[in-house]
Amino acid sequence: MITKRITFSTTTELKKSLFRPTFKTEDLLNKIAEIYNAIVEFGDAKLIEYTKKFDGVSLNSSEIELDLATTVATIDPLLEKAIKVAYENIYNFHKAQIKEDLTLETQPGVTCYRKSKAIEKVGLYIPGGSAPLFSTVLMLAIPAKIAGCKEVILCTPPNKNGEIHPAIIFTAKLCGIKKIYKAGGAQAICAMAVGTQTIPKVYKIFGPGNQYVTAAKQYVSLMGVGIDLPAGPSELMVVANSNRNPAFIAADLLSQAEHGTDSQVVIVSDSITLLNEINLEIGLQLNSLPRKDIAEKALSYAVEIIVKNDDEAIEVINEYAPEHLILMVNNENKYIENINNAGSIFIGDYTPESAGDYASGTNHTLPTSGFAKQYSGVSLDSFIKNITYQKITKEGLKDLGVHIEIMAENEGLMAHKNAVSFRLESLKKEVDL
């Protein structure tokens, strides 16, 4: 049941009332620094030690890497078909994101270019503890494949028997991944960032996870390794008018609550009656869930917000900046036009957030903790870097050079000015000859 209910008054008051479950940043970073430094110094030995400590699994060095070429992954035929349908939708949506290279003559004799290049070495982190997220393999490996990344590795925690879930293996093979490593949590992030005897160092790390994983990604980003985005505990906001189906909404809220005990769900409505009905439905549906205990704990962070109108609801959305946002509202267009901060939006009564998690085609690796105010979700662009080029002819430099000289001189950077001046003087001598 959702026990916290607030009435919207001002954005300032809303900030005080809405909070996300977090650990103390200082404590987190101290733990991450310890793990990072240990991996740097001892490599696989520390990785094995952390796997035993955090995952309860004893591995030796030869068991860290899984040989995908010889590994057989048997899964239910219905699941296999579902994964392949999802693969096609996700592939098609990300394939359509390819952009043409740009060439533009900014003025006569001055031509600028921009070309896209794939990031050569990327590491994918796939949570696999209580819920093996084989769907995340699709979300990360497919755009990496389309982008043309040369080396794509995958880290995921083993189960108590030291094995990787067969659906993760099947999906990885389907996506063309060659290497899987049995490593989870912050230690996996650190291993991909620095490299060990077994796990190669990568240039950029992708993947969601708990607060330890998120903190580790942020930590290694300070050490020169790229990350996709801050993607921590899952969250969902539902905005619904009074005439909506409470069973649908309760199911949506629980679908995120069951992700983890630190997940957060928020329901925004102009109807107290609907909020009461949703709570009744949550009580009914919760008891049938295998992950009831996890969802129940997550609900302790849940919030109901009562608003008077659409304008207040939109203000709440933009302030909270939810990872996932479901709109079950009468005036969809007004919301779509005025929402600036959200990771991914699901429109209408028959668009559950689960569709985006699995198979509709959009990516489910999204910014959390309010980072949707400045970050986008993972896309094809996340696996690509753009290099700019420029070529200037003699005539082009004659026209542009004087302006560069003036700007450089006014910034006090005379060597910058000289780099142009020497060339212009040379061109003048050519004319004099």
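What is the accessible surface of the protein, and what percentage of it belongs to carbon and sulfur atoms? In this predicted model, the accessible surface comes to about 21,000 Å², and carbon and sulfur atoms account for 53% of that area. The protein has 433 residues, of which 51% count as buried. Its secondary structure consists of 16 helices and 15 strands.

**Overall dimensions and contacts**

- The C-alpha trace spans about 90 × 60 × 45 Å along the principal axes of the protein.
- Among contacts with a separation of 6 or more, 74% are made by residues 24 or more positions apart.

- The protein carries 43 positive and 51 negative charges.
- The mean position of the positive charges and that of the negative charges are 5 Å apart.

**Threonine 214 in helix 8**

- Threonine 214 is located in helix 8, a segment formed by residues 211-221.
- The relative accessible area of threonine 214 is 11%, so this residue is classed as buried, the limit for that class being under 20%.
- Beyond its neighbours within four places in sequence, threonine 214 is in contact with Gly209, Pro230, Ala231 and Gly232.

**Tyrosine 91 in helix 4**

- Tyrosine 91 lies in helix 4, which runs over residues 77-95.
- With a relative accessibility of 23%, tyrosine 91 counts as partly exposed, because the buried class requires a value under 20% and the exposed class a value over 50%.
- When residues up to four places away in sequence are not counted, tyrosine 91 touches Ile142 and Ile146.
- Tyrosine 91 and cysteine 175 are 84 residues apart along the chain, and their C-alpha atoms are separated by 9.9 Å.

Terms used. Residues numbered from 1 in each chain as written. Predicted model: local features only at pLDDT ≥ 70, side-chain atom pairs only at ≥ 80, totals over all residues. Heavy atoms only, no water. Helix = DSSP H or I, 4+ residues; strand = E, 2+ residues; numbered from the N terminus. Buried < 20%, exposed > 50% of the residue type's maximum accessible area, 1.4 Å probe, protein only. Contact = heavy atoms within 4.5 Å. Areas by Shrake-Rupley, 256 points an atom, 1.4 Å probe, with all protein chains shown as cover. Lys, Arg positive; Asp, Glu negative; His and termini not counted. Charge placed at Lys NZ, Arg CZ, Asp CG, Glu CD.
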